[in-house]
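Thanks for coming. Please have a look at the chain on the screen, and then I will go through it part by part.

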Amino acid sequence: AIRVLSECEAVSKTRPASARAALLRMRSIAFEQTKDYTKAIADSEEALRLQPPRTAWDVIGLAALYRDAGQPDRALVLLRKMLDDNLGTTGKGTTPGMPSYYHLGLTLLALEKWAEAAEAFTEGLTYQPDYAWAYFYRAVAYNGMRDTDRTRADLVHGKKLVDALNGDSRRKALESLRQDPFVTLMTKYSE
C-alpha cells in the first residue's frame, strides 16, 4: 500500500490540496501500521498543512502518532491547542466529547501527570459515562496518585461495563484486560 500511495503522491503535485491531503492521510495510516512513526507524522503534518483540521479527529490522529512515537509532550501541545480553539468532534464550536478528553488523558498518563490525567478522563466521562476504558485508564491515574479507593472503584465499575458487553466486543475487552497495565492493577486491587 505504501508503494502505491507513494507513486500516486509523486504524480499528485498538481492535484487539489484536498486530494493530496487525503492521499497523505491514507499513507500516514499505512506508515503507522508498520510503526514507522517518523514518516506517519510527516505525512499527517503535511496533510494538515494542506487542509487545516476541521474536527478534533484530525488533531487527535496526529497527537496519537506523537504519543505512540514516544513524544507525548508534542501530543499534549496539539490537544491543548485543539481544546483552546474549541475544535470539537464534529467541527469548530462543537463539544469536544469523550475522544478529545480520552486522548488528552492518555497523553497525560504518558507524561505521568496523574491528577491532570484523572481530570481529563473525568471530563470525558461526562460525555460518555459508559466508556469502560476511561474508567480503566483513570484507575491507572489514581494508582499513580496512590488513591487506593478510587483506583479500586474505577476498576470495579469498568469491569461491570465490560461484563455487560456481548460477543466479540466482550472477548476483545477481556483480552485487553489481561495485558499491562490492567492485569497488574486488577491483581493488585482484587478483592
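Glu-112 counts as exposed, because its relative accessibility is 56% and the cut-off for exposed is over 50%. This residue sits in the loop between α6 (97–110) and α7 (114–127). Keep in mind that we are looking at a predicted model. Glu-112 has a positive phi of about 60°, although it is not a glycine. Most residues other than glycine have a negative phi, and most peptide bonds are trans.

Where does Arg-146 lie? Arg-146 is in the loop between α8 and α9. Its phi is near 65°, again a positive value in a residue other than glycine. With 73% relative accessibility, Arg-146 counts as exposed.

One peptide bond also deserves a mention. From Asp-180 to Pro-181 the bond is cis, with omega near 10°. Pro-181 is found in the loop between α10 and α11.

Now the chain as a whole. There are 11 helices and two strands. Along the sequence, the pattern reads α-α-α-α-α-β-β-α-α-α-α-α-α. The C-alpha trace spans about 65 × 35 × 30 Å along its principal axes. Ala-17 belongs to helix α2 and is partly exposed, with a relative accessible area of 33%. Of the 191 residues in the chain, 42% are buried. Among contacts with a separation of 6 or more, 53% join residues 24 or more positions apart.

Next, the inside. In soluble globular proteins, nonpolar side chains tend to be buried together. Here the largest nonpolar core has 45 residues, and those with the most contacts inside it are Met-82, Leu-104, Phe-121, Trp-133 and Phe-136. Which helix gives the most to this core? Helix α8 (residues 132–144) does, with nine residues. Take Leu-104 as an example: leaving aside residues up to four places away in sequence, it touches Leu-76, Leu-79, Arg-80, Leu-83 and Ala-120.

Let us move on to α9. This helix covers residues 148–163, 16 residues in total, and reaches 22 Å from its first C-alpha to its last, close to the 22 Å expected at 1.5 Å a residue. Its buried residues are Thr-151, Asp-154, Leu-155, Gly-158 and Val-162. Why are they on the same side of α9? They cover an arc of only 100° around the axis, so they share one side of the helix. An α-helix has 3.6 residues a turn, so residues three or four places apart point the same way. The buried residues of α9 pack against α8, α10 (167–177) and α11 (182–188). On the face turned away from that buried side, α9 carries the exposed residues Asp-149 and Lys-160.

The largest pocket has a volume of about 220 Å³. Its lining consists of 13 residues, and the closest to its centre are Ser-28, Ile-29, Ser-44, Gly-61 and Leu-62. The helices α2 (17–33), α3 (37–50) and α4 (56–68) each supply at least two residues of the lining. Which of them gives the largest share? That is α4, with six residues.

That is what I have for today.

Notes
Residues are numbered from 1 along each chain as its sequence is written. This is a predicted model: local features need pLDDT of at least 70, side-chain atom pairs count only at pLDDT 80 or more; totals for chains, interfaces and linings use all residues. Side-chain values use heavy atoms; hydrogens and water are left out. A nonpolar core is a set of buried Ala, Val, Leu, Ile, Met, Phe, Trp, Tyr and Cys residues joined through side-chain atoms within 4.5 Å. Buried means under 20% relative accessible area, exposed over 50%, partly exposed in between (1.4 Å probe, protein chains only). Helices (H or I, at least four residues) and strands (E, at least two) are DSSP runs, numbered from the N terminus. Contact means heavy atoms within 4.5 Å. The expected span of a helix is 1.5 Å times one less than its number of residues. The arc is that of the directions from the helix axis to the C-beta atoms. On a 1 Å grid over the protein atoms alone, a cavity is a set of points where a 1.4 Å probe fits but cannot get out, and a pocket is an open set with protein on both sides within 12 Å along at least five of seven lines; lining residues have an atom within 4 Å of a point. Grid points are joined across faces, edges and corners, and a volume is the space filled by probe spheres set on the points.
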